[in-house]
Each structure stands twice: as structure tokens, then as C-alpha cells.
Amino acid sequence: MDLFLSLAIIGGLGLLFGGLLAFAAQRFAVEEDPRVETICDLLPGANCGACGFPGCINFAENIVKGSVNINSCIPGGKAVCDSICEVMGVASAALETKLVAEVCCIGSAAVAPDRFEYHGVKDCKAAMAYSGGFKACAYGCLGLGTCAGCCPFDALHMGADGLPVVDLERCTGCGICVKACPRNIIRVVTADRHGKYVPCNSKDRGKVVREVCEVGCIGDKACVKACPRGAITVTDNLAVIDSAKCDDCGKCVPACRRNIIKDVIKTHH
Amino acid sequence: MELLAIIFVAILANNIVLNQFLGICPFLGVSKRIETSLGMGMAVIFVMTLAAIVTWIVDILLLVPFGLTYLRTIAFILIIAALVQFVEIVLKKTNPTLFRALGIYLPLITTNCTILGVAILNVQAAHNIIETIVYAIATAIGFTIALVIMAGIRERLELANVPGLLRGAAVTLVSAGILSLAFMGFIGIVTL
């Protein structure tokens with residue numbers, strides 16, 4: 001008797017709950033567009049936020065809704081965009097150019113000294129909060145690696161000189177490090193750019209730059225005069241080379257009194 | 001007065017995590033950030049109260065009258081699992097935001113031993129339905145408090161200069177031990 005009773009009660013409970021769940025599954029069925037799942041699987045899955053949404057799943061939902069450009073996934077690039085276009089049945093709208101991060105400071109501790117010793121939290125934002133940062137140059141890299149720590153693609157590492165180095169093979173140009181750097185020394189550029197660039201971020205006047213850094217741009221316009229194509233402009237005491245106009249002739253390199261104009265860093269194919 | 005004593009004992013003096021050592025897994029697993037620990041706490045409060053009510057009803061109406069109290073464990077596990085699944089389905093439809101916020105924690109509660117623990121403790125203490133509900137809510141609040149305090153400690157530990165030897169799991173367990181020691185201080189203030 002006991003046997004049947006226990007069978008009946010546990011079996012009954014099981015049946016009841018099974019029925020309840022079956023009913024609930026039908027009654028509360030959520031109709032999900034199967035394309036959301038498919039698109040989410042195609043995306044890189046780093047949840048980096050470069051598209052403007054909190055995660056890949058939210059981006060996928062908005063693609064299906066049609067409220068966002070399909071090419072907004074920067075890390076995925078052309079390949080991902082093409083496959084999403086295939087799922088959505090639209091013509092490819094991929095951005096042709098790959099984007100990468102570029103570090104605009106070469107002022108390592110050896111050439112750009114500190115104002116004071118800092119023993120706080122190893123984080124650039126925390127260091128900035130303390131009297132505006134320990135580096136004498138108010139624009140230079142603090143070198144505590146906040147940018148490297150936040151890269152979702154493991155493409156940014158701190159080099160031996162204490163400055164971040166971009167791994168161009170891995171970098172997707174998502175721009176997370178740009179937002180993370182409290183001194184704005186990183187920018188996103190196209191990977192197929194060419195010519196020279198000025199790896200400095202200092203908007204200080206020449207006299208100040210000379211005092212705090214051996215490799216900072218002093219904005220004396222020597223390079224502007226040397227450039228035959230008018231590709232270099234100086235704004236706020238900082239020379240900027242327009243890579244669209246630059247033909248890589250190299251005349252600005254010897255003209256620079258601080259010898260800091262470099263070839264842009266490119267991947268080796 | 002009786003109910004106040006239950007609340008005090010369940011939250012502080014006999015905290016489910018720090019004094020009874022149930023639910024250590026989510027206590028260590030979901031206490032990295034205050035935000036997620038609060039989410040987990042809310043899910044536990046919700047599920048624990050529901051589970052305590054349903055298990056109490058099943059125990060009183062089915063198991064005790066038919067002399068089947070030896071089936072308590074399997075019956076309660078069945079109820080808790082089905083209940084969590086049900087809540088998951090309903091929540092997904094009615095409140096997708098909360099569903100996504102709870103994320104993996106909701107299904108994890110199925111195997112959370114605090115839920116089964118509270119259901120069984122209720123039956124053993126012969127609580128009536130009011131006491132059952134109060135005890136379940138108070139226990140879940142105690143769980144949430146333990147989780148949030150731990151998350152606060154761990155958020156600070158991340159910025160602290162911890163000796164290399166202790167970094168990671170070791171310092172977490174040591175702080176959990178000290179926290180438990182602190183909660184032991186409440187024992188004896190109220191006796192049931």
C-alpha cells in the first residue's frame with residue numbers, strides 16, 4: 001500500500017508540475033526571431049560595446065529590428081558584416097577599411113621624467129586624480145596600463161619602455177582604449193594609412209615641452225616649412241600630419257629639431 | 001514578538017551563510033560585485049519565499065497525512081526545481097529586463113542548498129504558514145546581506161595591496177572567515 005501511495009504522490013506531483021510547465025511554456029511563449037540568435041553567433045562575442053550597445057545580443061536584436069547599421073560592428077569588420085548581410089538578405093554594406101589604435105606618445109620614463117613619486121593604485125585614472133598625474137608632461141603617457149587592461153581583444157600590451165604597444169594583428173579598432181585613457185593619447189586610425197606621423201600629444205608651448213620631455217613636439221613649424229605638399233599643420237603647438245596628403249617623401253624627418261617624426265606603424269604582410 | 005525573534009535570528013544570529021554554512025557556493029561565486037550580489041539576493045528572496053510556501057502546503061496536505069514524510073527530500077527538490085523553471089518562463093515573458101539581469105543566477109538557485117535547507121528547517125521547526133513565510137523572507141534577507149557585505153569587501157580588496165601569497169581565493173576565504181566570526185557575536189542575544 002505504502003509503495004503505491006508514494007508512487008502515486010511523487011508521480012502525481014511530477015505529472016502536475018510537468019503539466020504546469022507545459023502549460024506555462026505555451027501560455028508564456030516568447031516569440032524570438034531566430035535571426036537574433038544566428039546573428040549573435042556570427043558576432044565576435046566580446047561584448048566590447050563599440051557598436052553603442054551593451055552587448056552583442058542587444059546589437060543583434062537591433063539589427064533584426066532594422067534600427068542600426070549592419071556595419072556598426074567594428075571588431076567584426078568586413079567578414080562579419082558580410083555574413084550578417086547574408087542572414088538579413090540585404091546587399092553587403094561593409095566598411096572597407098580596417099581600423100586600428102595608434103599610440104601618440106613616445107615619452108617613456110627615460111626621456112620624460114616624473115614630477116613626484118607615485119605609490120598609489122596602479123591605474124592611470126587613479127593616478128590622474130592625484131594632483132593631475134605624476135608625469136611632468138601633462139599630456140604624456142602615465143604608463144600604468146589601464147588601456148592594456150581594458151582591451152577585450154588582448155591587442156594592447158605594455159612595452160619594455162613602459163608605453164603601450166598595439167598588436168595590429170589583433171587590434172580591431174573598437175576604441176575602448178581610447179575611452180579608457182585619461183590623457184587621450186590613443187586614437188583610432190585606418191590600418192591602410194601611410195606616410196609619417198607625429199607621436200606626441202602635447203599642446204603645451206615649446207618652452208614647456210623642452211623642460212618636461214626630450215621627445216615632445218614643440219610646434220615650431222620647421223616640419224610645416226619642409227613639407228612640399230602642405231600635409232602638416234600645427235594647431236595648439238602640436239604638429240599633425242594629414243595622411244591623405246602625405247606621400248611619404250621624408251623631408252620632414254631631418255627638418256624636425258626633436259627628431260620625433262616617425263613612419264606610421266603598419267602590419268607586416 | 002515571536003515573529004520578531006524569528007526575523008532577528010534568521011537575519012543575524014543564525015545567518016544562513018555565515019553561521020549555518022549553507023549556500024557557500026553563491027556566497028563565494030556571486031560576490032565579486034555589489035550589483036550582481038544584489039541581483040542574486042533579490043532572486044533568492046523571491047524563490048525562497050515561494051518555495052517555502054509551496055513545500056509547506058505539500059508537506060501538510062500530502063506528506064504528513066499519508067505518512068510519507070520519508071519522501072520529503074525528493075518531493076521538495078521536485079517542487080523547487082519546477083518552481084524555478086516556472087518562474088523563469090513567466091519572467092522571460094513578463095519582465096525580460098529582470099530576466100536578463102538575473103541571468104544565470106535564476107537557474108543556479110535550483111541547486112542552491114539554502115532553498116532546500118529553509119524548506120526542511122521550516123518543517124522540522126513545525127512552523128505555521130505565517131512563521132514559514134516570515135522565516136523564509138528573513139533568511140533570504142540574511143543571505144542577501146551576507147552576499148552584499150562580502151561583495152563590498154571584495155571590491156575593496158581588489159584595490160588593496162594584498163600579499164602575493166594570499167591573492168585570489170585565499171584572501172576571499174580568510175575574509176569570509178572573519179566575517180563569519182563577526183556574525184557569531186549575535187549568537188545568544190535572542191533565544192527561541
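In the predicted model, the contact between the two chains involves 15 residues of chain B and 14 residues of chain A. On the chain B side, helix 4 gives the most, with ten residues. By class, the residues of chain B that touch chain A comprise twelve nonpolar, one polar and two charged.

Helix 4 of chain B (residues 72-94) packs with helix 1 of chain A (residues 2-27) at an angle of about 5°, and the two axes are 10 Å apart. Because angles under 35 degrees count as roughly parallel, helix 1 of chain A is roughly parallel to helix 4 of chain B. From helix 1 of chain A, the contact takes in Ile10(A), Leu13(A), Gly14(A), Phe17(A), Leu20(A), Leu21(A), Ala24(A) and Ala25(A). These meet Ile74(B), Ala75(B), Leu78(B), Ala82(B), Gln85(B), Phe86(B), Ile89(B) and Val90(B) in helix 4 of chain B. The contact between these helices has 14 nonpolar and two polar residues, and no charged ones.

Helix 4 of chain B contains 23 residues and reaches 32 Å from its first C-alpha to its last, close to the 33 Å expected at 1.5 Å a residue. Its buried residues are Ala75(B), Phe76(B), Ile79(B), Ile80(B), Ala82(B), Leu83(B), Val84(B), Val87(B) and Ile89(B). The buried residues of helix 4 pack against helix 1 of chain A and, within chain B, against helix 3 (34-63), helix 6 (105-109) and helix 7 (113-124).

Elsewhere in chain B, Thr132(B) lies in helix 8 (residues 129-159). Thr132(B) counts as buried because it has 25 C-beta neighbours inside 10 Å. The C-alpha atoms of Thr132(B) and Ala52(B) are separated by 6.6 Å, although the two residues are 80 residues apart along the chain. Leaving aside residues up to four places away in sequence, Thr132(B) touches Ala52(B), Ile53(B), Trp56(B), Asn122(B) and His127(B).

In chain A, strand 1 (residues 99-103) is mostly covered, with five of its five residues buried. In a regular strand, side chains alternate between the two faces of the sheet. For strand 1 of chain A, Leu99(A), Ala101(A) and Val103(A) are on one side, Val100(A) and Glu102(A) are on the other, and both faces are covered. Strand 1 pairs with strand 4 (residues 186-190) of chain A in the antiparallel sense over five bridges. Within strand 4 of chain A, Arg187(A) is the residue that stands opposite Glu102(A).

Notes:
Residues numbered from 1 in each chain as written. Chains lettered and ligands numbered in written order. Predicted model: local features only at pLDDT ≥ 70, side-chain atom pairs only at ≥ 80, totals over all residues. Axes fitted to C-alpha atoms, helices over the stretch in contact; angles between N-to-C directions. Helix = DSSP H or I, 4+ residues; strand = E, 2+ residues; numbered from the N terminus. Parallel < 35°, antiparallel > 145°, perpendicular 65-115°, else oblique. Contact = placed C-beta atoms within 7 Å. Nonpolar A, V, L, I, M, F, W, Y, C, P; charged D, E, K, R; others polar. Buried ≥ 20, exposed ≤ 12 C-beta atoms within 10 Å, placed from the backbone. Pairing = 2+ DSSP bridges. Expected span 1.5 Å × (residues − 1).
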